[in-house]
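Please view the sequence and the structure first.

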Amino acid sequence: MPVDAAPVVELSFTLNGEPVTVSVEPHRSLLWVLRERFDLTGTKEGCGVGECGACTVLLDGRAVNACLVLAPKAAGREVLTVEGLGGPDALHPLQRAFVDGHAVQCGYCTPGMLLSAAALLQDNPRPTRDEIRAALAGNLCRCTGYTQIVDAVYAASRARGWAP
Amino acid sequence: MSARRIVGGARPRRDAVDKVLGRTRFAADVRVPGLLHLAVARSDTAHARVRAVHTARALAVPGVVRVFTARHVPGVNRYGIIASTADQPMLAGDRVRFVGEAVALVAAETPEAAAEGARRVAVDYAPLPAITDPAEALEAGAAAIHDRGNLCFEQRIVRGDVDAGFARAAAVVERTYRTAVIEHAYLEPEAAVAWMEDGVLVVETSTQNPHYDRSDLGRLLGVAEERIRVVQRATGGGFGGKLDLSVQPYVALATWLTGRPSRLVYSREESFLATGKRHPFVMRYRSAADGSGRLLAVEADLLADTGAYASYALAVAMRAAVHAAGPYRVPAVRIRCRTVYTNRVFSGAMRGFGTPQAAFGHESQMDLLAGALGIDPLEIRRCNALGPGDVTVTGQTLGDSVGLVACLDRVGAVRDRWARRLREPDGVPRGLGVGAMYYGIGNTGVSNPSTARVALDPDGAFTLFTGAADIGQGSDNALLAICAETLGVDPDRIRLVRGDTARTANAGATSASRQTYISGGAVLRAAGRLRQRLVQEAAQALGVPAARLALEDGRIGPADGSGTSVSLAEVAARCGGGPVSETGGFDPDAAVLDRATGQGRPYGTYAFAAQVARVSVDPATAEVRVDGLAAAHDVGRAIHRPSVLGQISGGAAMGLGMALMETFGPGRDENLDTYLVPTTLDVPRVTPMIVEQAEPTGPFGAKGVGEPALIPTAPAILNALAAACGARIHNLPATLERVQKALRGEEA
Ligand code: FES
Ligand code: FES
């Protein structure tokens, strides 16, 4: 029983292509809803204050920090998490490039990185390395030093047959 | 036949696919029904006697189930990764020693109730004087933070005639350097979940050392180790910060005493407040060289603030002292490193155990000596560089795997290329700087073995059992490659059981850059023994001498390809049908250092490295850009090249943070909004160069790279900055204010 039980609101949105409805207290973040109500734990919490990018998801195609988005803001919109980006038999080209390019170490930053990169490639299918760096500036990685991540995004954007 | 190309190859890592799909469950992602949620009430005072902890108001919060204090701890309320200095309570007893120390643990039905309960715990403190400066802590009459006094540990290294060295020097340089408190800032905050299973307490957690976790949890709970199972979950970075216990004692206590599952995940704020940091050092260096640049003597006095508890202070003091003179032939040294208690959050292990701090000192000194003598900075390093057969400051004679000169040469070539681009007529100060290091692989001066087991399963596939925690750096992948190469099979044919105290033997900590060398050595031996046994079994089956047989691609047959062969499944059946397994161990050849002189053989082998940095400084804002970083590392042998490159790039990024931005202010920095770590915009594309001077005692010649990657970076950047500004910065990080001073020609 929550100490400050708040009234709940009913919320409908599109989650990874499927329509969903959920009742939540309006102060909950989108990150909390994804993790605790939908068990989509691919979206990570690294700071809770919009500084690390581990919680990045796409909201109507734009990369946002899900920890800063109040859940009701998702109403009627499309949310894409890492679980919706690709599947085991059909990795998204970015996922493929991260695997093949050794851009994954601990993997905690990886989902957020992938979604920030996906948003970039939608707007700018052939970015330069500097444009990639700018697009990923809000996603911290403490393991890789970013070299292989930037290279992987670059490789994905140049992969044959890739259309965002 | 393809199996032979596994070591040194570049296959994708096994864990990568699940990680890009978001399927990997870290400890915070584990879902257990009926969870108790936990929150820790923490001290808001730096030093005080605890008169009483009042929990009634916390217990009154709806949803709060239990509130635990020190008196509920069933075993010995004291833990610490180095047993001889273990001094940290999981819940403060009669004393708190830093802001953020745990005082009470609240277990509740919801996270909100737990948090509210923790807020309502009231502590009656009798304040004591708080000490924040290590020098002050050592003064006569300073309040004793622990009964044994404020000096936590002291290591000396004494060798040769230091005074004679200084007497005949052509150049003597004496300076004092300071480094900052640094937070590991792994992306995954500490997390653990616990439950009871058939009378056994199961703890799944983010950790660098599941076996250590189990032994200290056993002591805290007063329970035999067999009753506890610790499983390492996918771990989102560690860098030394997940060697100490953090959340594990709390889930263990709550579940053990209530029988219910429990979970605790630190917020970033709590991770900053309550977990270990990198020791800040004050280092006085005096170095002497002759006219040709050869080092004659080094005197170094290092003082490190270890904060409220010992954690790894002993290891940091030893390692910083051993490495204080740098990777050079130095005939005479007088080195002392002291780690000292203060009333600050404790310092523990962080990537390099004091060596990165010392490297800032010794590498600044090398450039100053070079400047005083008019010698090129690379040249002075080359003429002093340790080589095969040379003797270190602890009197250890090095073997053949000493690739420092090769690293310096690789870096020198890059530097010369970059030097041509330095002089641009835009008035922007630019500079190049080099840094070098050596680093002992494994724990200092002690036995630190690893044990591994490899089994052939009835279906003809293998299983590798290792206790080595993969915290993202890729030890799973390296150990699988060593195993696969030895067994002549594709790594995909090997199952992995890792980091589970119920199923794997102790591999020791994932620290000290030791898992590839030491656990790799254990895997090599286990797999080698198994291979031998299987070949012998096949020899009987085939009637062919074992010496003529080879294990390749899952079959054993004549090495020359003639005649019949048997499959591994058939060999397994001949062996009785159950799994056939062999165990192997490796313990590096290290021996304890002499207490008074520090002489001895601290490590079995050393990694070597050199890096060069290219920086530019905005003349108006004093903002520093690192435009290039090239890093040459002698890793012995790269088991998996992309992982080595990843370590080098990641380490260099962390070194860049240490050089330019990272400084943790207790009370000031609570999250990543004010504590800045390097982003994509700060870190240049790192140019890694792998040097392979094979180590005969390492698996396929491998040594290690995890910590070496970071060590030369800050020295290289600070030396480049000194070249760009014309004045030297002696205090890390090189903040805007310090760079502005340096631009004005003032030492900072
Ligand atoms: S958790 Fe949202 S930005 Fe860090
Ligand atoms: S891979 Fe660990 S934080 Fe990026």
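Across the interface of domain 1 of chain B and domain 2 of chain B, nine residue pairs are in polar contact (both at pLDDT 80 or more). A polar contact is a pair of N or O atoms within 3.5 Å; within protein, one must be able to donate a hydrogen and the other to accept it, and residues adjacent in sequence count only if both atoms are side-chain atoms. On the side of domain 1 of chain B that touches domain 2 of chain B, the residues comprise six nonpolar, 10 polar and four charged. Here Ala, Val, Leu, Ile, Met, Phe, Trp, Tyr, Cys and Pro count as nonpolar, Asp, Glu, Lys and Arg as charged, and the others, Gly among them, as polar.

The model is predicted: local features need pLDDT of at least 70, side-chain atom pairs count only at pLDDT 80 or more, and totals for chains, interfaces and linings use all residues. Residues are numbered from 1 along each chain as its sequence is written, chains are lettered from A and ligands numbered from 1 in the order in which they are written, and side-chain values use heavy atoms, with hydrogens and water left out.

**Domains of chain B**

Chain B consists of domain 1 (16–24 + 449–586), domain 2 (31–128 + 192–265) and domain 3 (281–444 + 593–743), with bounds from an automatic or database domain assignment. The C-alpha centres of domain 1 of chain B and domain 2 of chain B are 38 Å apart. Their contact (heavy atoms within 4.5 Å) involves 20 residues from domain 1 of chain B and 19 residues from domain 2 of chain B. In domain 1 of chain B, the residues that lose the most area to domain 2 of chain B are I471(B), G499(B) and T501(B), together 42% of what that side buries. The rule finds one salt bridge across this interface of domain 1 of chain B and domain 2 of chain B, a salt bridge being a side-chain nitrogen of Lys or Arg within 4 Å of a carboxyl oxygen of Asp or Glu. D500(B) and R229(B) form a salt bridge, with their closest N and O atoms 2.6 Å apart.

**Chain B against chain A**

Between the chains, 66 residues of chain B are in contact with 52 residues of chain A. V20(B), L187(B) and T680(B) supply 17% of the area that chain B buries against chain A, more than any other three residues. The interface of chain B and chain A has eight salt bridges and 29 residue pairs in polar contact (both at pLDDT 80 or more). K44(A) and D29(B) join their side chains in a salt bridge (2.4 Å, N to O).

**Domains of chain A**

Chain A is assigned domain 1 (9–84) and domain 2 (86–158), whose C-alpha centres lie 20 Å apart. In this pair, 18 residues of domain 1 of chain A are in contact with 14 residues of domain 2 of chain A.

**Buried areas**

Buried area is the accessible area (1.4 Å probe) that two parts lose on being put together, summed over both.

| Interface | Buried area | Given by carbon and sulfur atoms |
|---|---|---|
| Domain 1 of chain B and domain 2 of chain B | about 1300 Å² | 51% |
| Chain B and chain A | about 4400 Å² | 57% |
| Domain 1 of chain A and domain 2 of chain A | about 1100 Å² | 59% |
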